[in-house]
Amino acid sequence: MTSITTDIKPVAIGENLLGAGQQVYVIGEIGINHNGDIEIAKQLIDISAEAGANAVKFQKRTPEISTPMDMRDKIRSTPWGDMTYMDYRYRVEFDAAQYKELISYAASKGLHAFASPWDVPSVEFMEEQGAVTHKVASASVTDIELLTALRETGKPIILSTGMSTIEQIDKAVETLGTNNLVLMHATSTYPLPPEEANLRMIETLRDRYQVPVGYSGHERGLQISLAAVALGAVTVERHITLDRTMWGSDQASSLEPKGFAALIRDIRILEEAMGDGVKKVFPGELAPLSRLRRVDG
């Protein structure tokens, strides 16, 4: 497991502990890559379970609240024809019965399912569906009304920190409190170029707020996410898709099934490889030691 030594208290999400020395909590970010199709959502849950993830995450909006006024009447070309952006936002939302079905389906596969609520009614909606935790999207870091509603649920909160200044994060953390809070280092560039990854922020956030810190990635490939784990990220979230060529704004920056499975495989190997930082002679070294060392120290 990770060699990061810290007295920071782990955060429990269901039966999982997020913290130093714990298994990395891997989240498959389905977001809206389901395109409003519950069967696609279930396929993405299946893929996440088969890959060895711990959770899947959706995005939940109340379109009449979360859609900017200047965007509502703009026409968007979609697989279902041309429609206003507002109609499109409704088209890709699941209702209560569908969310209950998806959360239950995920649980049957051993996964948590939750969402990033983008407005206060969406917090209440996800509470009614029994979500085990809530995620704050980077775009919502400055939405104090939303953060207050999330704090009042008493659930553990995962807060992404992309597109935010340290002062904005300070205010968000002050609003949410540090009890049951996990921060996620993120840079909200899609796709993320390596020079904007700034992975040393994982340590900066951990030291500043004394809470567990994870990583939400939007890069191509796996290297940056794996480096985040080596730097002590306690959770990793990546967008997932059935096929990057599918229609939708997040598909191209998502991992396909083989890539997501490879990421989790490599995270689990890396956890074992990190060790405890105590120098010792391992059993596998004994034969080379007896054969190669001429002088005993």
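Let's start with a word we'll need a lot: a residue is buried if its relative accessible area is under 20%, exposed if over 50%, and partly exposed in between, using a 1.4 Å probe and counting protein chains only. At 48% relative accessibility, L286 therefore counts as partly exposed.

Before going on, some ground rules. This is a predicted model, so local features need pLDDT of at least 70 and side-chain atom pairs count only at pLDDT 80 or more, while totals for chains, interfaces and linings use all residues. Residues are numbered from 1 along each chain as its sequence is written, and side-chain values use heavy atoms, with hydrogens and water left out.

**The annotated stretch**

The UniProt record (an unreviewed entry) puts the feature "domain: PseI/NeuA/B-like" at residues 44-279. UniProt positions follow the numbering used here, feature names are shortened, and annotations may be inferred rather than shown by experiment. Over residues 44-279 the chain is 41% helix and 18% strand, with the end C-alpha atoms 42 Å apart. Helices (H or I, at least four residues) and strands (E, at least two) are DSSP runs, numbered from the N terminus.

**Inside: the cores**

In soluble globular proteins, nonpolar side chains tend to be buried together. A nonpolar core here is a set of buried Ala, Val, Leu, Ile, Met, Phe, Trp, Tyr and Cys residues joined through side-chain atoms within 4.5 Å. Which members of the largest nonpolar core touch the most other members? Out of 46 residues, they are I45, V56, F58, F260, L263 and I267. Helix α1 (residues 38-51) gives the most to this core, with 7 residues. There is also a second, separate core of 27 residues, which includes V136, L146, V211 and V213.

**Strands side by side**

Two strands pair if DSSP finds at least two bridges between them. Strand β4 (residues 55-60) and β7 run parallel and are joined by 6 bridges.

Take a closer look at strand β7 (residues 112-117): 6 of its 6 residues are buried. In a regular strand the side chains alternate between the two faces of the sheet. In β7, H112, F114 and S116 point one way while A113, A115 and P117 point the other, and all are buried.

Strands β5 (residues 75-78) and β6 (residues 81-84) pair in the antiparallel sense over 4 bridges. A hairpin of 2 residues joins β5 to β6, and T78 has G81 in β6 as its bridge partner. S77 lies in β5 and, at 52% relative accessibility, counts as exposed.

**Charged pairs**

Side chains of opposite charge can pair when their charged atoms come close. A salt bridge is a side-chain nitrogen of Lys or Arg within 4 Å of a carboxyl oxygen of Asp or Glu. How many salt bridges does the structure hold? It holds 11 salt bridges, including these:

| Pair | N to O distance |
|---|---|
| K155 and E127 | 2.8 Å |
| E237 and K135 | 2.9 Å |
| R268 and E271 | 3.1 Å |

E237 sits in strand β12 (residues 235-239) and K135 in strand β8 (residues 134-136), so this pair ties together parts that are 102 residues apart in sequence. Both E237 and K135 are buried.

K155 is in the loop between α6 (144-153) and β9 (157-160), and E127 is in helix α5 (residues 120-128), 28 residues apart. K155 is partly exposed, at 25% relative accessible area, and E127 is partly exposed at 27%.

R268 and E271 both lie in helix α10 (residues 257-274), 3 residues apart, or about one turn of the helix. R268 is buried, as is E271.

Where is P191? It lies in the loop between β10 (181-186) and α8 (201-209), and the peptide bond from Y190 to P191 is cis, with omega near -10°.

N198 is in the loop between β10 and α8. N198 has a positive phi of about 50° although it is not a glycine, and N198 is partly exposed at 45% relative accessible area. N180, in the loop between α7 (166-176) and β10, has a positive phi of about 65° and is not a glycine either.
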